[in-house]
Amino acid sequence: MIHWLKQLRSAFGVAFLWLVCLIYFTQGFRSFVWTAVSYQLKDRLQLSPSASQFVFSVAFFPWSIKPLYGIISDCIPIGGKKRTPYLVISTVLSLVPWLVLGLDSTSRSSSLYLMIFLTVQNLGSAMADVVIDAMIAEAVRLEKASFAGDLQSVSWFAMAVGGVCGSLLGGYALSNLKIETIFLLFTVLPALQLLSCALVEEISANDEPLPELLDSNEFEEKSMMSNENFRDTSKSNTRRRKGQKKGKKGASNGKSETQKKQSKSLASQWFQSLKAATFGLGRAFKQPIILRPMAWFFIAHITVPNLSTVMFYYQTEVLQLDASFLGTARVVGWLGLMFGTFIYNRYLQDMTLRKSLLFAHIGLSITIILDMVLVSRANVGYGVSDKTMVLFGSALGDAINQLKFMPFLILSGRLCPPGIEGTLFALFMSINNLGNTVGSFMGAGLASLLGISSGSFENMFMGLAIQVFCTYIPVLFLFLIPKEATGVSAS
């Protein structure tokens, strides 16, 4: 273990490894503060389950447009750098909302203000996630490629540790601290992340688009631009020779024109870089092995209504489960996620995607049936406690979701072309996040349609039954998945 860490340190540097681990740990530790947000919406603002789920859906929308952050950071350097300036900006966006919510009672007492600040915070977190993914992809693309799996393992381990710590401490904090204090405590991590950005040295970015991302038409356009620049330079030289006779006034005008041309040239370079990234992303996205699974993955989310917030209300109001226990349940969920990762890497990589996704949706339907048993109180008749059902369901659900997620993560990483690392990683994750957001909106609509609200859960069983039925709709679209595709092969 120590020898392995030394190898990673020598390959990537201590500062870079520290920053990667810190950002992923913070992503996992977010459960510490978002548990408090759930109780703020439920107890302090007294929102209904559907209204609360609507707030969460809007707040997490920035995670659905991650390609935008990737394209901007890939193509428009700030101060000659593509990553660290955007990492600083994103960290500030992650830090300020929690400070405001912790210090200003008005902002956290209004559902509108709270939703706005949570959305800004998610914007910063999503942007930081894109930037660090791009930095990892760049770091392992060339001579360090042999450490790609190791670096990804470190990242996931850091996030899992953060999730476990955040879930455990979140439940304890809610039982012993005020919600505003929890918001302020969480600011320690983004503040530390902001300071750590200064430790990483980044090589200045080349403003020119990468040649391998340009097609023949773009090369012709680039050549024409070069010819135009040459003609402009010749004309400028002619004007300069004539201007020498006009004294200081002519020299001043020539300098002003040169600055304008340099500004136009920089804007033209950015435009060409954005265009090149778009074409490169399009070529990568058109590959059936990634396009078809992404389409299926999106459909799989939007056809299944998400009732997680409704279940949170049911667990706290009807089952009387406290925050500390729900934190423990989330820890068990993180352990289930890690177990699912291990099972996939150890036994399922050679299985075709169609089979693994079919089994995943069968498993997901079973977890919902367990919730139906919980809601019907049938488990009590068999001597199984509510807490046991919740813990087992949390572990099983997260493990199965990870089995569904791993093949796509591997495929997207292998198909990442140089020059648009941030964009393609972000595009893949946005398919997942946007699907989750739409599914969450559908869940809020279903809860409202069935009249499920705080203190009124008579139709909860019906809602879960509809969710089970919807879980099998994506199975009808498995033909979108290439028949022989696996998690280790792009065949």
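These questions and answers concern a predicted model of a protein.

Q: What makes up the protein in terms of helices and strands?
A: The protein has 21 helices and 0 strands. Of its 491 residues, 50% are buried.

Q: Why is Leu 199 called exposed?
A: Its relative accessible area is 53%. Exposed means over 50%, so Leu 199 is exposed. Leu 199 sits in the loop between helix 11 (188-196) and helix 12 (216-243).

Q: What makes the nonpolar surface patch that includes Leu 199?
A: Trp 18, Leu 192, Leu 195 and Leu 199 form this patch, which covers about 410 Å². A patch takes residues with over 30% relative accessible area; Leu 199, at 53%, is therefore above that cut-off.

Q: Why is His 301 called buried?
A: The relative accessible area of His 301 is 14%. Buried means under 20%, so His 301 is buried.

Q: Where does His 301 lie, and which residues does His 301 touch beyond four places away in sequence?
A: His 301 is part of helix 14 (residues 288-302). Leaving out residues up to four places away in sequence, His 301 touches Asn 432, Gly 435, Asn 436 and Gly 439. Touching here means heavy atoms within 4.5 Å.

Q: How do you know that helix 5 is mostly covered?
A: Helix 5 (residues 66-75) has 10 residues, and 7 of them are buried. These are Lys 66, Pro 67, Tyr 69, Gly 70, Ser 73, Asp 74 and Cys 75. Each is called buried because its relative accessible area is under 20%.

Q: Which residues touch the most other members of the largest nonpolar core?
A: This core has 53 residues, and those with the most contacts to other members are Val 33, Val 37, Leu 41, Trp 98, Leu 118 and Phe 183. Helix 3 (residues 31-44) gives the largest share, 7 residues. At least three residues come from each of domain 1 (1-202) and domain 2 (274-490).

Q: What is Leu 118 in contact with, leaving aside its neighbours within four places in sequence?
A: Leu 118 is in contact with Trp 34, Val 37, Ala 59, Trp 98 and Leu 101. Another core, of 26 residues, lies apart from the largest one; among its members are Leu 19, Val 20, Ile 23 and Ala 128.

Q: What share of the accessible surface belongs to carbon and sulfur atoms?
A: The accessible surface of the protein is about 23,000 Å², and 65% of it belongs to carbon and sulfur atoms.

Technical notes:
Residues numbered from 1 in each chain as written. Predicted model: local features only at pLDDT ≥ 70, side-chain atom pairs only at ≥ 80, totals over all residues. Heavy atoms only, no water. Patch = residues over 30% accessible without salt bridge, like charges linked within 9 Å, V, L, I, M, F, W, Y side chains within 5 Å. Areas by Shrake-Rupley, 256 points an atom, 1.4 Å probe, with all protein chains shown as cover. Salt bridge = Lys/Arg side-chain N within 4 Å of Asp/Glu carboxyl O. Helix = DSSP H or I, 4+ residues; strand = E, 2+ residues; numbered from the N terminus. Buried < 20%, exposed > 50% of the residue type's maximum accessible area, 1.4 Å probe, protein only. Core = buried A, V, L, I, M, F, W, Y, C linked by side-chain atoms within 4.5 Å. Domains from an automatic or database assignment.
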